[in-house]
Amino acid sequence: MNGRSPLLPLSCPRCGSDPLGGGASRVFLCPSCRLAVVPEEGSRTYPAFALRPRIPGGRRTYLPFWRVTGQLILREDHPDKLAAWRRLKPLGAFFFPAFLLLRMGYYDDLTLRYGLLEEGSLEEDDGWPVPVADGVRLARGLQEQARLSWLAYLDRAADVTGLEARFEAEKVDYALVPFFLEKEGWRDGLLGIRFPKGLLAALETPPVP
Amino acid sequence: MALTRTLSCPACAGAVAPPVVSRKIRCPYCGKALYYAGEDFLPRLVLPPAFSEAETRGLLERILRQRLLPPGMADRSRVLDRRRLYLPFYLLTGRRGGVLETGRERVVSDALGGRLARFSPLNRLAAASGDPELVQMAGRVERPRVVVEEDSRVVLGDFRYFYPAASLKEWGFDDGDLREAALARLETARPARLEEMAAHGEVVDPTIPLETILEKGVAGPGGRGGELAILEVQPALLFLPVAVFSLAWGPRLFDVMISELDGKALSGTLPVRRDWPVAAGALFTAAAGFFSGQVLRALWAASSGLTPAQTQVLRPWGLMVLAVTFLLAAGGLDVAWALLRTPFVLRVTGAGPRLDREGPVPPSPLNPLRRLLAAALVEGAAGALAPRSRR
């Protein structure tokens with residue numbers, strides 16, 4: 001803490017109200033301003049929004065993700081490789097989990113699947129969702145994660161050895177994705193992908209803001 | 001996690017108690033919402049016990065029915081106390097990624113070229129010439145080749161580390177005994193509510209600083225140079241429930257710890273049944289006595305029909321046989337003594353029960369004799385090995 005007090009004021013920098021968040025939160029939400037507030041980053045704000053479910057479901061819980069949009073800039077002279085990569089469907093925004101999860105591997109696939117969604121197929125919800133899981137991961141290292149996610153995707157079509165690539169993030173925002181709690185487990189509300197019930201057991205009693 | 005220092009509100013400078021369960025607190029004086037940004041605050045999770053109280057008692061009974069324990073211990077021992085400990089562990093989850101240059105081996109076989117080459121006049125000429133170099137050159141054309149092509153693998157995956165947050169030596173087991181069960185049941189983890197946990201057991205405080213774990217257990221973030229870099233680390237504190245039983249067996253007290261995640265016995269000591277060592281000791285003594293008697297009887301029978309001259313010749317041999325018999329009998333008694341008097345205990349470990357000695361073996365009454373024999377042997381040997389002076 002470099003001698004500074006570890007206690008920081010917690011308020012929305014735009015409207016001054018108390019932002020919402022559970023006991024483990026490092027990212028807080030201001031529903032009126034639709035902002036995510038990160039006290040550890042000098043109360044830096046990110047646009048926050050909830051996504052409307054694309055499929056019907058039962059009991060709903062919203063899980064926060066960092067949504068990163070940007071573009072990959074490549075330097076590659078090999079025409080065959082470039083042609084192979086051009087044939088791939090371009091990836092959209094990346095969704096990286098901001099909530100606490102104990103097996104992150106489940107989400108590598110989810111990040112890619114969300115990235116492959118048609119542009120404009122995700123709609124923002126009008127109301128403010130409840131309950132929302134605590135955001136415990138800060139928006140750190142997202143650019144590198146996005147770069148590697150892109151490279152892993154390109155590697156399916158052609159080898160990426162020696163490829164010079166950098167990801168330039170244009171926008172980072174805080175997206176609340178609906179999940180449904182079902183008998184057998186959880187189901188995401190965008191694609192209907194099922195997850196083991198225990199995966200989100202830490203959210204069995206989701207912290208209500 | 002013992003936050004003892006006082007904090008002051010950035011708005012009104014009032015004293016604020018350090019947070020225990022939530023990063024978000026409120027100043028008791030000005031009422032402002034505050035955020036605790038200290039690195040020492042971790043999300044706390046707990047794995048719920050997988051067994052009811054009756055089931056845990058059943059697990060203990062199963063342990064007490066082991067063959068090495070005194071018969072009837074499961075029914076006749078008294079459980080004086082049963083308590084639950086919540087032991088703290090660090091669970092570090094995160095992402096690791098990078099591009100690994102792996103290379104790819106490919107077998108290149110010019111099958112058609114090889115077949116055609118076999119019929120080529122040049123190869124036939126080489127074969128006919130008998131020149132080994134030419135024959136080898138001709139053969140090389142047909143052999144498939146392994147070509148290493150450059151290739152990379154993009155890795156973006158998660159990692160999970162599990163370390164004890166308090167020294168487990170006090171309880172006589174290590175984290176390996178709980179790791180497997182904890183990771184297998186990780187998906188049942190739920191937020192730890194310390195007050196609720198304290199009502200059901202004793203919550204052990206973490207004593208090992210997280211920095212030590214991060215320094216020693218996880219490579220520092222940002223490691224590059226072809227290796228996988230740690231992109232993100234999220235530490236959490238995970239409490240695991242362990243049942244501790246205190247038992248009375250006769251005048252003595254024993255403790256047994258059982259994991260409440262998978263029912264595995266973790267540590268403790270239990271008495272060992274005495275009837276087996278007693279029987280073994282008695283058997284050794286009887287065998288030694290019987291053997292000595294038989295030897296003496298044989299000697300007596302053999303010596304009764306001998307002339308005095310023959311007796312004179314065989315006397316040293318007879319004495320030697322007697323000495324050996326005596327030593328064997330004494331050795332048998334010694335083993336019997338050790339079996340009877342050694343304070344054996346059954347040590348319960350995560351790897352299974354182990355027969356162990358609780359203290360030193362009491363000195364045998366045959367020790368003076370043993371010392372005498374050892375001294376005689378050593379002195380005899382020393383005398384035999386002493387350098388002889390030159391005349």
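Ile25(B) stands opposite Leu34(B), a residue of strand 4 of chain B. Strands here are DSSP runs of type E with at least two residues, helices are runs of H or I with at least four residues, and both are numbered from the N terminus. The model is a predicted one, in which local features need a pLDDT of at least 70, side-chain atom pairs count only at pLDDT 80 or more, and totals for chains, interfaces and linings use all residues. Residues are numbered from 1 along each chain as its sequence is written, while chains are lettered from A and ligands numbered from 1 in the order in which they are written.

Strand 3 of chain B and strand 4 of chain B pair in the antiparallel sense, over three bridges; two strands pair if DSSP finds at least two bridges between them. Strand 4 of chain B also pairs with strand 1 (residues 7–9) of chain A, antiparallel and over three bridges. In this pairing, Leu7(A) stands opposite Tyr36(B).

## The interface between chains A and B

In the interface, 41 residues of chain B are in contact with 43 residues of chain A. Contact means that the C-beta atoms of two residues, placed from the backbone, lie within 7 Å. The elements of chain B that give two or more residues to this side include strand 1 (7–8), strand 6 (78–101), strand 9 (152–164) and strand 12.

By class, the side of chain B that touches chain A has 21 nonpolar, nine polar and eleven charged residues. In this classification, Ala, Val, Leu, Ile, Met, Phe, Trp, Tyr, Cys and Pro are nonpolar, Asp, Glu, Lys and Arg are charged, and the others, Gly among them, are polar.

## The make-up of each chain

Chain A has three helices and nine strands, which follow the pattern β-β-β-β-β-α-β-α-α-β-β-β along the sequence. Of its 209 residues, 40% count as buried. A residue is buried if 20 or more other C-beta atoms lie within 10 Å of its own, exposed if 12 or fewer do, and partly exposed in between, with C-beta atoms placed from the backbone.

Chain B has eleven helices and 16 strands, and 22% of its 391 residues count as buried. Among contacts in chain B with a separation of 6 or more, 70% are between residues 24 or more positions apart.

## Nonpolar cores

A nonpolar core is a set of buried Ala, Val, Leu, Ile, Met, Phe, Trp, Tyr and Cys residues joined through C-beta atoms within 7 Å. The largest such core has 105 residues, of which Leu238(B), Leu240(B) and Val256(B) touch the most other members. Strand 12 (residues 229–249) of chain B gives the largest share of this core, eight residues. Apart from it lies another core of five residues, among them Phe284(B) and Leu339(B).

Beyond four places in sequence, the contacts of Leu240(B) include Leu47(B), Tyr86(B), Phe89(B) and Leu261(B).

## A hairpin and a helix in chain B

Strand 15 (residues 344–349) of chain B is joined by five bridges to strand 14 (residues 265–271) of chain B, and the two run antiparallel. Strand 15 of chain B also pairs with strand 16 (residues 352–357) of chain B, antiparallel and over six bridges, and these two form a hairpin with two residues between them. Within this pairing, Arg347(B) stands opposite Arg354(B).

Ile213(B) belongs to helix 8 (residues 210–217) of chain B. With 17 other C-beta atoms within 10 Å, Ile213(B) is partly exposed. Leaving out residues up to four places away in sequence, Ile213(B) touches Tyr90(B), Tyr163(B) and Ile208(B).

## Confidence of the prediction

The pLDDT is the predictor's confidence in each residue, from 0 to 100. Chain B averages 81, and 86% of the residues score at least 70. Within chain B, confidence is lowest in helix 3 (residues 111–119), at a mean of 58, and highest in strand 11 (residues 202–203), at 94. For the complex, the predictor gives an ipTM of 0.85 and a pTM of 0.72.
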